[in-house]
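Hi everyone, thanks for coming.

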Amino acid sequence: TSCDPAQPLYRIEAKRIEIRVGEEVVARDATLYLGARKVITLREYVISLRPGEEGTRIPTVGVTQADGLWAEYRLPIRFEGGAGRFTIKVGAKTGPMPLLSLTTSQKAFDVSLRLGRTQTSDVRTINPKTSELLRYDVAEIAVKTAPTPIGATPFTLTASALAGWYAEQISGTQTAKFDGNVVVGTSRPITPRLSYSVTVGFQVSGYTTGAVRTNLNYGASLAYVLDQFTTVAVGYSRVIIQGATPLLIDVIDPADTLSLVVSRAVPFRYRWSLGGAYNRAVPETKITGGLFAIVSRRLELGVEAVYNTRLVSFEDLDYTVRVICDCIDFIVRYRQARAQLSFEIGLMDLPPRLTPFVPRPAPPPPALPER
């Protein structure tokens, strides 16, 4: 448990625990208890020790406008030469969404597979008045090369290709897709405080409906560190789309955007950012800002906004309240511009939550008088 061991709000008990140094910790026949109540027993519970790799996720629940009441469970899969996971999410409005994801890594390239039903991670606009997390069925295989240096230049080249079949639940569109993508880029420091990045990419997608779309994109950015907490970044990006896609999940908006962002993050206290972006392709200007403050060891408050000067309205205006009760994490988020309320409960530290905040450390106990 990551709770107070004297009276834990939750704990995991197992019949057998295996520790594989540098790889994983495996709890066999692991049972989750909330207080004294048994909640669920898993055949195995895995805590990955490999950087960036997920272990078993405790079943999570939440409420969103898109899914209604939902629950999600992820099971890691490991095999010789690769790894993956099986995810099952069930929403009151969206139904079951099982997805199998596998990746095998070679020295020069990775091969990945996706099979099942999933949804977009970001909200997509179907029409000016409706936004959704788009559900779709997918059977996809993809190959991606490792970054390859281009001669003596600072640039590297990465290429990828995929073939897949997709069926959208809302639009009813069903089609196969064949996609190729090449990206050349670099990211280097100029001075200890100044760094730059440059990328150029070209993508072509063909569909069995007969549609063909190309995407030429390029961009550059400069980031300057004013001090250990503050960064200023300026960037330019261009996206040129030719043709069209029959899939809503593939829609990409054209862009010809110049942006400026100032951000400051003081650990254990606050984080804020303020920026603006002008997209000449539309044209429109968006002003973005956010402020997150750690009020105490148990309470975090945040607000984020995106204001569109062309529409003279907020595209997003989000309020977040996060309360940490011992080892239980409560998050309430209200998206005013979209009239969406979400509620999330999580268990901390098994595995660690991927959030931009760390609770403020407890003050040190008073020193004992010397004898």
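I'll start with the whole chain and then go through some salt bridges.

First, a word on the source: this is a predicted model, where local features need pLDDT of at least 70, side-chain atom pairs count only at pLDDT 80 or more, and totals for chains, interfaces and linings use all residues. Residues are numbered from 1 along each chain as its sequence is written, and side-chain values use heavy atoms, with hydrogens and water left out.

So, what's the secondary structure? The protein chain has 0 helices and 25 strands (DSSP runs numbered from the N terminus: H or I of at least four residues for helices, E of at least two for strands). Of its 371 residues, 29% count as buried, meaning under 20% relative accessible area, with exposed over 50% and partly exposed in between, using a 1.4 Å probe and protein chains only.

Now the salt bridges: the whole structure has 17 (a side-chain nitrogen of Lys or Arg within 4 Å of a carboxyl oxygen of Asp or Glu). Take Lys-89 and Asp-67, paired at 3.1 Å, N to O. Lys-89 sits in strand β7 and Asp-67 in the loop between β5 and β6, so they tie together parts 22 residues apart in sequence. Lys-89 is buried at 13%, and Asp-67 is buried at 1%.

Next, Glu-140 and Arg-114, with their closest N and O atoms 3.2 Å apart. This pair links strand β12 to strand β9, parts that are 26 residues apart in sequence. Glu-140 is buried at 12%, while Arg-114 is partly exposed at 23%.

Finally, Arg-16, Glu-18, Arg-20 and Arg-28 are linked in a salt-bridge network.
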